[in-house]
Amino acid sequence: MGRLDFARCALLECVLRERGAVDWIAVGLSVDVPAGTVVPRRVNDTDMAIWCSAAGKLHAWGDRCPHRGMRLSHGFVRGETLSCIYHGWQYGMDGTCSYIPAHPQLEPPKTICARSYACNEQDQMIWVALAPTQAKTPDAEGRRPVRSLEITLPVAKVAEGLGHPMSSLMVLGGVYDLAVALQPSTQHSCVLHAFAGADQERKQVSRHLEKMRAELESADA
Ligand code: FES
């Protein structure tokens, strides 16, 4: 990692602390990133490429190729590596460049490395940590993911509207057995990932979530 990257990380950690950030942030349902695929996600204005190797290992990387900055989320998974779509540079599980097609005999320097973040799967949800953490990945206690909804509000406003202090996973009271995780996408928007008890009727829960979103957004209008 270069000096600029270190400075950026330090700045990011300061911003996260100021925003009351949590350790683990849900970025999507596991089913949305099956083996052999890569998808883009945004967390606290940081663009990420979330990818799953052929063997099913999940990774969260900065969405920027170390070569010329192409989005890695536009690339493709080959076995246990991720290849950039632009010039085909290939990156291994640890983020280091393992192959440069234009120089097949060259062993790429270890300094050519994609920015990687801690990434875990728990309760069929993908979680990432932007800064190093000792905290355990949140446990939904038997609840299952239902769906994800984009909300045009800052994450703090949503937590406030739900009447819940901000945490990685918030168990809500009410008619349904619900827990939600908030993904702060930008300063002005977030994604709500919802879990419900196994005995809850998914269509009803889904409608309830849409109503909840409409109420949150209209209360702030
Ligand atoms: S920009 Fe990714 S390989 Fe060139």
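Me: Which residue in the turn of the hairpin formed by E3 and E4 has a positive phi?

Reply: Happy to start there. Most residues other than glycine have a negative phi, and most peptide bonds are trans. In this hairpin, five residues lie between E3 and E4, and Gly56 in the turn has a positive phi of about 95°. The strand names are DSSP runs numbered from the N terminus (helices are H or I with at least four residues, strands are E with at least two). Before we go on, please note that this is a predicted model, where local features need pLDDT of at least 70, side-chain atom pairs count only at pLDDT 80 or more, and totals for chains, interfaces and linings use all residues. Residues are numbered from 1 along each chain as its sequence is written.

Me: What is the mean pLDDT of the protein, and where is the pLDDT below 50?

Reply: pLDDT is the predictor's confidence in each residue, from 0 to 100. For this protein the mean is 91, and 90% of the residues reach 70 or more. The pLDDT is below 50 over residues 12-20, a stretch that has eight contacts in the model beyond near neighbours in sequence. A contact here means two residues whose C-beta atoms, placed from the backbone, lie within 7 Å.

Me: How many bridges join E3 to E2, and how many join E3 to E4?

Reply: Strands of a sheet pair through backbone hydrogen bonds, either parallel or antiparallel. Two strands count as paired if DSSP finds at least two bridges between them. E2 and E3 are antiparallel over seven bridges, with Pro40 opposite Ala49 in E3. E3 and strand E4 (residues 58-62) are antiparallel over five bridges, and Met48 stands opposite Gly62 in E4. The hairpin of E2 and E3 has two residues between the strands, and Asn44 takes a positive phi near 50° there.

Me: Is strand E3 largely enclosed or open?

Reply: A residue is buried if 20 or more other C-beta atoms lie within 10 Å of its own, exposed if 12 or fewer, and partly exposed in between, with C-beta atoms placed from the backbone. In strand E3 (residues 46-52), six of the seven residues are buried, so the strand is largely enclosed by the rest of the structure.

Me: Which residues does Ala35 touch, leaving out those up to four places away in sequence?

Reply: Ala35 touches Cys52, Ser53, Ala54 and Gly56. Ala35 is found in the loop between E1 and E2. Ala35 and Cys52 are 17 residues apart in sequence and 4.9 Å apart in space, C-alpha to C-alpha. With 13 other C-beta atoms within 10 Å, Ala35 is partly exposed.

Me: Where is Asp123 found, and what is its phi?

Reply: Asp123 sits in the loop between strand E9 (116-122) and strand E10 (125-129). Its phi is positive, about 55°, although Asp123 is not a glycine. Gln124 is found in the loop between E9 and E10, and its phi is a positive value near 60°. As for surroundings, Asp123 counts as buried, with 21 C-beta neighbours inside 10 Å, whereas Gln124 is partly exposed, with 13 other C-beta atoms within 10 Å.

Me: What is the order of the strands in the open sheet that contains E11?

Reply: The order is E11-E14-E13-E12, with antiparallel pairing. Strand E11 (144-151) and strand E12 (170-172) stand at the edges with a single partner strand each, so one side of each is left without a neighbour in the sheet. From one strand to the next, the twist averages 30°. E12 and strand E13 (residues 178-184) share three bridges in the antiparallel sense; there, Met170 has Val180 in E13 as its bridge partner. Helix H3 (residues 202-219) lies across E11, E13 and strand E14 (190-196), at about 25° to E11. Axes are lines fitted to C-alpha atoms, for helices over the stretch in contact, and angles run from 0 to 180 degrees between N-to-C directions.

Me: Which domains does the assignment give, and how many residues does each bring to the contact?

Reply: The bounds come from an automatic or database domain assignment. It gives domain 1 (3-12 + 21-129) and domain 2 (144-219). Their centres, taken over C-alpha atoms, are 27 Å apart. Domain 1 brings 15 residues to the contact and domain 2 brings 14. On the side of domain 1 that touches domain 2, the elements giving two or more residues are strand E1 (25-29) and strand E2 (37-43). E1 gives the most, with five residues.
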